[in-house]
Amino acid sequence: MSLPILLVGCASTPENQAQPPQAVAPSGRRPPAVNYALSLQGAPYRYGKESPEEGFDCSGFVRHVYRRHGIVLPRTTRQMAAALPPISKHAVQSGDLVFFNTDGNAFSHVGIYIDDSQFIHAPSERTGSVIVSNLKNHYWKKHFTGVRRPSLNRAAN
């Protein structure tokens, strides 16, 4: 008997590697979850993981950051998108989740919006770590699929 395999990682292709990752310092204006996420820049990418010690895939990174701040999110990117209310891309705020279609599925990659079109995420084994990227980058702009907003009264297991 064969068992089905649940894929929980991200299959994103990061932006052009000629562009260096953007460094963004924590700020008192941002939600604490965003500042914590920024403190994890450089943590290793590891498929299926969700801790600073072992590393992160995209949804594991987001789940870890929000769990530390009292918000329990589902484990997979697709489940997060289904559980959280959609927000217009024009109303995006620091701390919102930004979603991308990187493998033919509408919600196959997720990151945390910082501000000024920047977001932090664990993109892939190719980049190797948690990085900050820009939504205006051609790759991310082309693959963007939506925004969701985590909140205490909308948290899901």
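These legends go with close-up views of a predicted model.

**View 1. Confidence along the chain.**
The protein chain averages a pLDDT of 86, and 78% of the residues score at least 70. Where pLDDT is low, the predicted coordinates should not be read in detail.

**View 2. Helix 1 and its surroundings.**
Helix 1 spans residues 32–39 and is mostly covered, with six of its eight residues buried. Those buried residues are Ala33, Val34, Asn35, Tyr36, Ala37 and Leu38. What do they pack against? Their partners are helix 2 (58–68), strand 5 (109–115), strand 6 (118–121) and strand 7 (131–134).

**View 3. The largest nonpolar core.**
This core holds 28 residues, and the members that touch the most others are Phe61, Val62, Val65, Tyr66, Leu97, Ile112 and Ile120. At least two residues of this core come from each of helix 1, helix 2, helix 3 (77–83), strand 4 and strand 5. A second core of nine residues is separate, and includes Tyr113, Phe119, Leu135 and Tyr139. In soluble globular proteins, nonpolar side chains tend to be buried together.

**View 4. Leu97 and its contacts.**
Here we zoom in on one member of the largest core, Leu97. Which residues does Leu97 contact, leaving aside its neighbours within four places in sequence? Among them are Val62, Tyr66, Leu73, Met80 and Leu84. The contacts of Leu97 also include Val110, Gly111 and Ile112, along with Gly146, Val147, Arg148 and Pro150.

**View 5. Strand 8 and its two partners.**
Strand 8 (residues 144–148) runs antiparallel to strand 3 (residues 86–87), and two bridges join them. On this side, Pro86 has Arg148 as its bridge partner. Strand 8 is also antiparallel to strand 4 (residues 97–100), with four bridges between the two. Phe99 is bridged to Gly146 of strand 8.

**View 6. The second largest pocket.**
The volume of this pocket is about 240 Å³. Its lining is made by Lys89, Val92, Val98, Tyr113, Ser117, Leu135, Lys136, Trp140, Lys141, Phe144 and Val147. Which elements give two or more residues to the lining? They are helix 4 (138–143) and strand 8. Tyr113 and Leu135, both in this lining, also belong to the second core.

Key: Residues numbered from 1 in each chain as written. Predicted model: local features only at pLDDT ≥ 70, side-chain atom pairs only at ≥ 80, totals over all residues. Heavy atoms only, no water. Buried < 20%, exposed > 50% of the residue type's maximum accessible area, 1.4 Å probe, protein only. Contact = heavy atoms within 4.5 Å. pLDDT = per-residue confidence, 0-100. Pairing = 2+ DSSP bridges. Core = buried A, V, L, I, M, F, W, Y, C linked by side-chain atoms within 4.5 Å. 1 Å grid on protein atoms, 1.4 Å probe; cavity = no way out; pocket = protein on both sides within 12 Å on 5 of 7 lines; lining within 4 Å. Points joined across faces, edges and corners; volume = space filled by probe spheres on them.
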